[in-house]
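The structure is shown first, and the notes follow.

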Amino acid sequence: MYKITALSTDDVRAYQTGAPDAYGTAPERAISNGNGNPCRHCLQHIPEGEEMLILAHRPFSETHPYAETGPIFLCAKPCQRHSESEGMPEVLTSSPDYLIKGYGHDDRIVYGTGVIAPTNQLGSAISEIFTRSDVAYIHVRSARNNCYQARIDRA
């Protein structure tokens, strides 16, 4: 069993009010074109025509060689955070595949866990990675653009 963890509401509300991103700049504002603009808080696609934020995100508390930073989207208006009990969110069902990889308690990639999983095999790929005792959590990224999508933790 596992749970899908979206960005924290406190962090997202700070970005929505102009707090600096991982590179120290204010989030950019843009208009969503619909598909392909997944919010990392509600884990839904930002509807076409809605305002969104684009910012640099580093899903790690400290910098180190494995602390990847990249662009993400957020709803510009407050949205409801994805509940860990809601199951597989829209943003993890709308692409043909996803890049997933396990990380240890030291926030370093656990080599041998990275896989591009077809959407219909994502759950089994996650379960397979979690069979390893040295994996503390998993990151899901876009298989096409390497953008961070969500964190997966053991339930």
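## A loop glycine

Apart from neighbours within four places in sequence, G87 is in contact with I4 and H82. The model is a predicted one. G87 sits in the loop that runs between strand 4 (70-75) and strand 5.

With a relative accessible area of 34%, G87 is partly exposed. Y103 comes 16 residues apart from G87 along the chain, and the C-alpha atoms of the two are separated by 22 Å.

## The nonpolar cores

The largest nonpolar core has 19 residues, and those touching the most other members are L92, I100, L122, I126, I138 and I152. At least two residues of this core come from each of strand 5 (97-103), helix 2 (122-129), strand 7 (137-142) and strand 8. The most is given by helix 2, with 4 residues.

I138 has contacts beyond four places in sequence with I100, K101, G102, I126, I129, F130, A150, R151 and I152. There is also a second, separate core of 16 residues, and among its members are L7, L53, F73 and Y148.

## A glutamine in strand 8

Q149 belongs to strand 8, which covers residues 148-154. Its relative accessible area is 6%, so Q149 counts as buried, the cut-off being under 20%.

The side chain of Q149 comes to 3.3 Å from the backbone oxygen of C147. Setting aside neighbours within four places in sequence, Q149 is in contact with P38, R40, L43, V91, L92, V140, R141 and S142.

How values were computed. Residues are numbered from 1 along each chain as its sequence is written. This is a predicted model: local features need pLDDT of at least 70, side-chain atom pairs count only at pLDDT 80 or more; totals for chains, interfaces and linings use all residues. Side-chain values use heavy atoms; hydrogens and water are left out. Buried means under 20% relative accessible area, exposed over 50%, partly exposed in between (1.4 Å probe, protein chains only). A polar contact is a pair of N or O atoms within 3.5 Å; within protein, one must be able to donate a hydrogen and the other to accept it, and residues adjacent in sequence count only if both atoms are side-chain atoms. Contact means heavy atoms within 4.5 Å. A nonpolar core is a set of buried Ala, Val, Leu, Ile, Met, Phe, Trp, Tyr and Cys residues joined through side-chain atoms within 4.5 Å.
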